Amino acid sequence: MSKSNGNRPARIGFYVCHCGHNISGTVDVAAVARYAQALPHVVVSREYKYMCSDPGQERIAQDIREHALNRIVVASCSPLLHEHTFRTAVEKGGLNPFFFQMVNIRENVSWVNESPEEATEKAMDLARAAVHRVAFHKALEPKRVPILPDVLVVGGGIAGIHAALTLANAGRKVVLVEREPTIGGHMAMFDKTFPTLDCAACILTPKMSQVKNHPNITLWTYSEVSKVEGYVGNYTITVRRKPRYISEKLCVGCMECIEACIYKEGKFPDEFNAGLSRRKPIYIPFPQATPQVVVIDPQTCIEFKTGKCKKSCLEKCDRDAIDFSQKEVVEEIRVGTVILATGYKTFDAGRLPHYGYGKYDNVYTSLEVERLVNASGPTGGELILRDGRRPKTVGIIHCVGSRDRNTNRWCSRTCCMYSLKLAHLLKEHTDAEVYNFYIDIRAAGKSYEEFYDKLLEENVHFIRGRVAEVTDWTARPSEEGKLVIRVEDTMIGVVRRIPVDMVVLAVGMEPQFDAQEVRRLFNISCSTEGFFLERHPKLAPVDTFTDGVFIAGACQGPKDIPDSVAQAGAAASQALVLIDSGSIELEPNTAYLVEEDCSGCKSCLTICPYHAISHDEARKKASINEALCKGCGTCTATCPSGAIRQNLFEDEEIYSEIRGLLTPMPAEAQGGESC
Amino acid sequence: MLNHGAGVSRPSREWQPRIVAFFCNWCTYTAADLAGVSRLKHASNIRIIRVMCSGRVDPQFVLEAFARGADGVLMGGCHPGDCHYMEGNYKALRRVRLLRRMLRDLGIEEDRFRLEWISASEGEKVRAVVNDMTARVRSLGPLKLPEKFRDWDREIGELEEKVGKMEEKEHVG
Amino acid sequence: MIFRHTDLTRTTKTVPRLIKFEEELDLGFGEEIAAKAYGQKLLSCIQCGTCSATCPLSHYMDFTPRRVIAMVREGFRDEALSTTTIWLCASCYSCTTQCPRNIHITDVMYTLKREAILRGRYPKRYPIPVLARNFFQGVFRTGRNSEARLIIKLYLQTNPLDALRQAVVGMKLFLMGRMSLRQDRIRKIDQLQALLNAVDSGNGKKGGAGK
Amino acid sequence: MSDKPNIGLYWCASCGGCEESVVDLAEDILLVLERVNIVLWPVAMDFKKKDLEERPDGSILASLVNGAVRTSEQEEMARLIRRKSRHVMAYGSCAHLGGIPGLANQFAREEILQYVYEGSPSTANASRTRPATAIPKNGSSLALPEFHHLVRTLDQVIEVDYYLPGCPPTPRILKEALLALLEGELPPRGAVLAPDVALCEECPRQESKPADMSFTEFRRPHQTVLDPEVCLLAQGIVCLGPATRGGCEAQCIRGHMACTGCFGPTSRVRDQGAKILSGIASSVAADDPEGIDRTLDTLPDPVGTFYRYGLAASLLRARNRPL
Amino acid sequence: MRYLYYPGCSAATTGKAYEKSLLAIFRALSLSMDELEDWNCCGATSYMAIDETKAFALAARNLALAEEQGRSSGSGHEIVAPCSACFLVLTKTNQYLRDYPEVRSRIVQALDAAGLTYHGTVTVRHPLDVIVNDIGLERIEKRVTRRLKGMKVACYYGCQMVRPFKTFDHAFYPTSMDRLVKALGADPVDWPLKTRCCGGTLTGTIPEAGLRLNRLLIKDAVKRKADMILTCCPLCQFNLECYQDQIAREYQEKIHCPILYFTQLIGMAFGLGDDELGMSLLFQPPTRFLGKQKGEAAHV
């Protein structure tokens, strides 16, 4: 066995981090430092409170200069967190940054192991492995790729809108892709927003028209991303634009055609009004829809179903905007970065049959109530129930499909506040008795607690208890004709039956129905609940593990409007950081071929999913296109004669790591003072 | 701060299996980090080697680990369909299926070598798999191939000299 | 009765003490019960009250199931074992099914019943433990349960007066052939007794009945 | 005569094919004999151990040792040869990698002895006599060599300077090695005296191998009518060519037989079996465990297939078993 | 499909009509069940309160016997337990043996001492599940000779058949029996109390609680214009049926509602005789309705 970097003997600097008490609380850091000091080629071994701090990094750079170190090992947290930090420190010291190896003794040791003896032994094993490995490291040049300046934003809810506008205002070209015929998302359906009670439409619609009119934004509604190729800085995105059967260029949104439709009345559930009203086959989702373009639903339009409609809509349109022959258009764009703001879906209340949704008319979801109290909603803002009555008592049930291991474990974060808001609005509209049934009131936001306070003073009932059932089974004449809510009032310790006219189910937030497909499309991960996974919950909340793909809004987890907007801004600025730097350094972990070692056996050709390996017929050898290689190393593991290697993960490096891990510990860790 | 004195005393402790794990950067290594962040305590017997993809795990690495004294080898990759590199995990799966057969024929029990799909969000699964694997390997007892090689080689002369030479040969230098 | 009222006419003389000192608690009790009920995650209870609200009998209990869980968790051992709650549980499993934390509350109730019996903390002549014990003995002897014998025994041991009230229904059942004093026996009663005795010796603890 | 360099040839656990291959030099053997003194060649000439012991240490320029090491006698002779020779060359797969005898490492010594002296159908050994190291005869004791627990490669017993791969090495390999030795043009010690590129490079069927290999089943030559022109792997025959050193001029392939790996791995590979396993398994078509297993069921003996010559030299060396 | 049959202790007494009618409809469908030989009491819920391990042991003996009998006689590994309590206890034991190693090891030891083994291969089934999901409503519908038109039925599932193990229907809003009733030509009433507890043994031990539970069930069913309540458990049937007089006395109100086993209703629709279905064993035979039906039967 020969060493791959034979010029100078290794002089290794070893550093172990306390991370406050995070590591040193379990691992005997001093013992690890002493142990490392005695390992072959270790010249300097130190422990320090916070290696990632400036003095910690500076120490490394200084030691490299003073002790002529040529290899550095840092034992601290996960490389996914600070590898880059320490590589930079190594570079500052004048070494190639890849003469560095990181040992994860926090996430992999101190945080998961309890026994100090075992944790310390494990930390020593890992340290030894890294010391063995780093000796084989090579100097590498990171690959730089340019970043295309255009950005794709997926999802036209408030998060997508805000992200798109932020980027467009900064002078970047943005393509905003929205699945529905209009942008606006859930927020457009809301009546008022908590805690300020601004009208949602009043604050949202100006932003929607800005999107439409912004010279830097290309808005593609009724469209979906169908393919994603490439890598950070250089994505090729395929977008399928569904036909609206109306020319977006020609339609001015006068809606004469809708008037003219042979259906005199709406007949089909109106998606925008949560099914509480009916629309025609030709419709515009809501008056401020953006773009203000009519759409024809081929599922319900007579012309599409039978081909025998007299097409009165066509006659009515004097701009000839209606085109029944419109076809789907497939567009391909090239962007450098992507922001996903695909939002959420509400919990399906039908999954909890004991709450009677779908069975009792007067049980509503919160989203339905938003429409019901809205002036532009199905009842013009009058609170008229499905059975035509006006409610005198209303029960709002919190945590429907949230905080429940039988459905969703997480807290949906917004329901407490929107339930308070709805309680206020319902009281305002009907002067009914309003009961809130809650487990805990979570009002942790600016001015949220004050809003709760206000509601208490409005004489809204707050009953702490999770509702067991909503039933029409009556036990007293006073309950006749009502829905009875059965709950334990846990403050008093007694079970109560509360008859109400209307039940509002505060449904929780769930991952968007196609979150898994979108995740695969963009090669990112989901967390346990199915929301998109951020790179780091605190330090990189809008980044993903795929460079150049950012997430914003409720697709990352339940979020209210202020948080979604804040995150959208953060995602936009993260994209800008990339764009403005012009290029990005890629991890140089690509595969390469040593041509004279290659026999041309072709075993590698089918292995590469990116078609980065081809067979050079003339030379009868393989050939790797490093630009296409993404660095998985599968070909390296496959090559039967060892002709393909992988930077950063060379065979020798991994063998030495294995050997280092398993080399028996000396019975007694050698002495020797650590610096 | 803990103070264990100059050395960590170990011989008094019962035998602990040593399990080498090859975890892919994107799913399983991230899940192991998540297990850490979530403070999910588990058996300390696992030593993780990070690779970019489960497809990078050369069967030679597995044999090397056993030959160097591992009692078990665990591979972790993304779930089928979820590989960050599209299909590296399928390559891993195929090799593992064949390697398991070969290891079985070479007298290494199936429970000593395992491939698990663990996504980035499955910190809990990391704990479960590590605990389960540790328990299984523990019940199989030590594999101790290096000791076995030494025992086997005792029959040929000048063992000391021989071993010395081998170690010298492999020294990092 | 919902609350344990203080008799106001007497409060001037004897004011009940409503304070709990930490030293009076059994702090490990929650974990002990959790362990005995197969490691139920009792400690994850968020006191939402779903169990009480879904329970068809909670309004007859002196403490709602939620409060019993709180007591157990906080180490109010004697109080928890003295509730009527645990005896009123009819094993309908509504709470278990609906609990948002998946706590098998019915199993917890069983565990508390056993603890209460073990520590003798139930009212004498209280019908439920008596029924359980008679049931237990009958099955041990014959392998099967005879409903008629069980019920007659129960009333005689707890409330002979009630027996008269029930006699009408009973007679009717006898006449229809839906009730009989015949005692079914299984063939291999030895095997069954060996099985039950093996549980005892395996436990190392005495097993309630049959003795 | 005495100014010519001394050469030794010796065999350990081997079939004798390597000895035979020396003769394959044909007329070239005369050229060799012109330039060297053969001082040790038990298979062809009469030499006694004592002759060798009496020679000064290091007095032999080079000894070519073929065969693996299984007995104490072989070990002792190897050590003796090592002492007397300036260069020791492992000659052939058995000395190089353990060879076919190395497959015996799948079995415990007791299993082997039991089968050979008792169990095999053709054995007639009513008294169950077993070989023993000391056999009393006429008042004195006859010594037989000890049968080791393991088959070893030559370099697991003594230091080896060069390796001549092959089962057996081709005349060209031998001739070139001898010429280099005599001309003093040997590469650095430890080298395998054959090209360090896999066999496919010199395989006449290389071009016919498709770029998109995927296996649904593996076949053995008797199960199919083979196309004489097309890559054998492409026909579902397990061919170890991609993981085996070239230098054999693809003789087996030219004879319509798949490569079984006798030249051993390239210098970059530590475990030939594991590496060819990786190369072949990666291209199995199925991607679900059951489908993969169905394909792998057609490959019944992975150890025998992938370690035909290399088990003793492999990372695991032998089947894991108590001593 | 062959099944083993576990009658349970009440089959011979209070639940006689249940067993009679169940076996009758099985005969009518040319299906057979082999009774488990030498079965013992399942342990029931009362046992759990004294010694849970013994309760599991009792149930485990039945499972072990079933496994052995199923194997040697070819009756399969499915055992039908008509009593909801038996069904629950056997199911629970099966699951806990699987899920909790400490339960498993203690029970395995005890079984061993009694010369028994159990490998966990038995599945416990409720006859409602078998009828709706194995036999299938289509086949039931075909066999109907007397469609029960106009009959309004409140389907009462009780607790222990649907909870806590999600075996074949929803824990609070099951529909199997309602669908079955529809297949017989009758109308199920929408009844939110269909899984609300009947009080179990409380009717005997704490009558004031038990009777109230029964009363509200019957009253609400009647209020919803149900002609009868259909049950699938001997104890539920007993509770709902036998205390009606007592309730009437104590609450001084008229209360009258026939309580049938679902198997009896199937039998009626199949045109089986009252004797076969054990109708005479009921306190409140649905005479009013039967009379009406008899007139119509000829038309079908």
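Trainee: Which residue stands opposite D:N6 in strand 2 of chain D?

Mentor: D:N37 does. Before we go on, this is a predicted model, where local features need pLDDT of at least 70, side-chain atom pairs count only at pLDDT 80 or more, and totals for chains, interfaces and linings use all residues. Residues are numbered from 1 along each chain as its sequence is written, chains are lettered from A and ligands numbered from 1 in the order written, and side-chain values use heavy atoms, without hydrogens and water.

Trainee: What makes strand 1 (residues 6–11) and strand 2 of chain D a pair?

Mentor: Strands, which are DSSP runs of E with at least two residues, numbered from the N terminus, pair if DSSP finds at least two bridges between them. Strands 1 and 2 of chain D have three bridges, in the parallel sense, so they meet that definition.

Trainee: Why is strand 2 (37–40) of chain D said to stand at an edge?

Mentor: In the open sheet of order 2-1-3-5-9 in chain D, strand 2 and strand 9 (162–164) each have a single partner strand, so one side of each is left without a neighbour in the sheet.

Trainee: Over in chain A, why is strand 22 (residues 433–438) called largely enclosed?

Mentor: Five of its six residues are buried, so the rest of the structure largely encloses strand 22 of chain A. Buried means under 20% relative accessible area, exposed over 50%, and partly exposed in between (1.4 Å probe, protein chains only).

Trainee: How many bridges join strand 22 of chain A to strand 21 (residues 393–400) of chain A?

Mentor: Five, and the two strands run parallel; one of the bridge partners is A:F437, facing A:I397.

Note on methods
Helices (H or I, at least four residues) and strands (E, at least two) are DSSP runs, numbered from the N terminus.
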